[in-house]
Amino acid sequence: MLVVSKFGGSSLANATQFAKVKKIIDNDSLRKVVVVSAIGKEDKTDNKITDLLYLLSAHIRYGVDGSHLWKQIYNRYNKVKTDLGLSLDLEKEFIEIKNKLRQFYDESYLVSRGEYLSAKLMSEYLDYEFVDASKLFAFDYHGKIDINKTNANINYYIKPHHKVVVPGFYGINPDGSIKLFSRGGSDVTGALLAAGLKASKYENFTDVDGILMADPKIINSPKQIKELNYDELRELSYMGASVIHEDTLFPVIEDNIPIHILNTNNPFGIGTIICKKANDQEQVITGITGKKNYHSLTIVKAKQADKLAIICDALNIFKRYNIIVEHMPTSIDSFSIVFEECPSDKLFAIISEIKGLENVIDVSIDNDIALVAIVGRNMVTKPGISGKIFGILGEANINIKMIAQGALELTIVIGVSNDHFNQTIKELYENLVK
């Protein structure tokens, strides 16, 4: 048996945080596979290494002197190395990075060095084997992970070793170049390893005690979610909750490997468990989240026209412009398409094309939409939740512009104006959760 443990940037911000990681790893002999992000912020005024690397990349691309950024990045890693008394030859590593970039400039390679160097330091500090992510995570020609090849690599490179450290966030393209995951992709790295190694658990260490029921910037001291299922996490992540990357789930779902969100600064806290079947039946609402700045395009058709044909034509226009449709409320002679904010040129082109469709007699746009999602697997057993939402917001004088609810009643999404976004979350939390 083994546990895969991933540590985010805040868990690696300095030597003190590295020491906390070591203490956590040493506390459980099953923690044999460790995934690390690039060094994060020490405080609010600091910069994440990944952000500095992207900024450095822009300097290089436009021929601007980036020596001050090279120095800043080097100093952050060197301070950790010095404070921990490690022997990694950082000067040699940086010379190698610069030489490779002189031969062929590759932003993905440069940015991936944040995780690479963190893993080099951590492997020496823990006395674990370093295994480069480029040997493990194979992408195909479509930019997707090749699961079969990746699992074969994981078994070949990791199984012979007892304990390993792997850098997160990147893998390798078919041509041998570095391919980055999307931001937050170190979460996915850990999940792929957990699935490939059939781990008993995937731990994701961050700087909070677990997933909260609402944004603490909006709600003062929101309750912590002790347990939720895979579907709830996907809904919460998609609609704005940002504790863990939503794609983290795909590798672990098939083998029902639980994900445990924990705090590096409070490792013995209960955290949040994410699993296939959550047993907690006490809390009706699992979480409330949302995002601002959506558009709602309302199309009115001629009364005798085929609504289905017009809907298909309109959706095909959105598809051609690669705009994702979030919701589509309908009535007998009209329907609305709700979608995230997009560039003005695309928006104007979409409206123009839809206005040109046969039997479309009116098109109007509402640019002031915020979506709030109420998520909870237990809502299905409690009738009247939607009614309560209408009542709560009605009493607060908040106008509901749209409402969408799936048949399983896992999620209820309501649309309000952007100005009412925070108040909506506060009213719903105070009346549905507390």
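The structure is a predicted model, in which local features require pLDDT of at least 70 and side-chain atom pairs count only at pLDDT 80 or more, while totals for chains, interfaces and linings use all residues. Residues are numbered from 1 along each chain as its sequence is written, and side-chain values use heavy atoms, with hydrogens and water left out.

**First stop: strand E1**

Select residues 3-7, which form strand E1. Helices (H or I, at least four residues) and strands (E, at least two) are DSSP runs, numbered from the N terminus. Five of the five residues of E1 are buried; buried means under 20% relative accessible area, exposed over 50%, and partly exposed in between (1.4 Å probe, protein chains only). Val3, Ser5 and Phe7 point one way from the strand, and Val4 and Lys6 point the other way.

Two strands pair if DSSP finds at least two bridges between them. Serine 5 stands opposite valine 34 in E2. Strand E7 (residues 201-206) also pairs with E1 in the parallel sense, over five bridges, and here valine 4 stands opposite tyrosine 202.

Display helix H1 (residues 15-26) as well: E1, H1 and E2 make a right-handed β-α-β unit. Right-handed means that, with the strands pointing away from the viewer, the path from the first strand over the helix to the second runs clockwise.

**Second stop: leucine 193 and the cores**

Select leucine 193. Leu193 and Leu428 have the most contacts inside the largest nonpolar core, which has 118 residues. Such a core is a set of buried Ala, Val, Leu, Ile, Met, Phe, Trp, Tyr and Cys residues joined through side-chain atoms within 4.5 Å. The largest share of this core, 10 residues, comes from helix H5 (residues 107-126). Apart from this core lies another of 21 residues, among them Cys342, Ile350, Ile354 and Val360.

Residues touched by leucine 193, not counting those up to four places away in sequence, include Val4, Val33 and Ile154; contact means heavy atoms within 4.5 Å.

Select residues 147-157, helix H6, where Thr150, Asn153 and Ile154 are buried. They cover an arc of only 100° around the axis, which puts them on the same side of H6. The arc is that of the directions from the helix axis to the C-beta atoms. The face turned away from this buried side carries the exposed residues Asn148 and Tyr156. Helix H7 (186-196) is among what covers the buried residues of H6. At the start of H6, a side-chain oxygen of aspartate 146 reaches to within 3.3 Å of the backbone nitrogen of asparagine 148.

Select residues 334-340, strand E13. Six of its seven residues are buried, so the strand is largely enclosed by the rest of the structure. Strand E11 (residues 287-301) runs antiparallel to E13 and is joined to it by seven bridges; leucine 297 has isoleucine 337 as its bridge partner. Strand E12 (residues 325-327) is likewise antiparallel to E13, with two bridges, and valine 325 is partnered with phenylalanine 339. A hairpin of six residues connects E12 to E13.

Finally, select aspartate 333, in the loop between E12 and E13. Aspartate 333 is buried, with a relative accessible area of 19%. Leaving aside neighbours within four places in sequence, aspartate 333 is in contact with Ile299, Val300, Lys301 and Lys303.

Terms used: A polar contact is a pair of N or O atoms within 3.5 Å; within protein, one must be able to donate a hydrogen and the other to accept it, and residues adjacent in sequence count only if both atoms are side-chain atoms.
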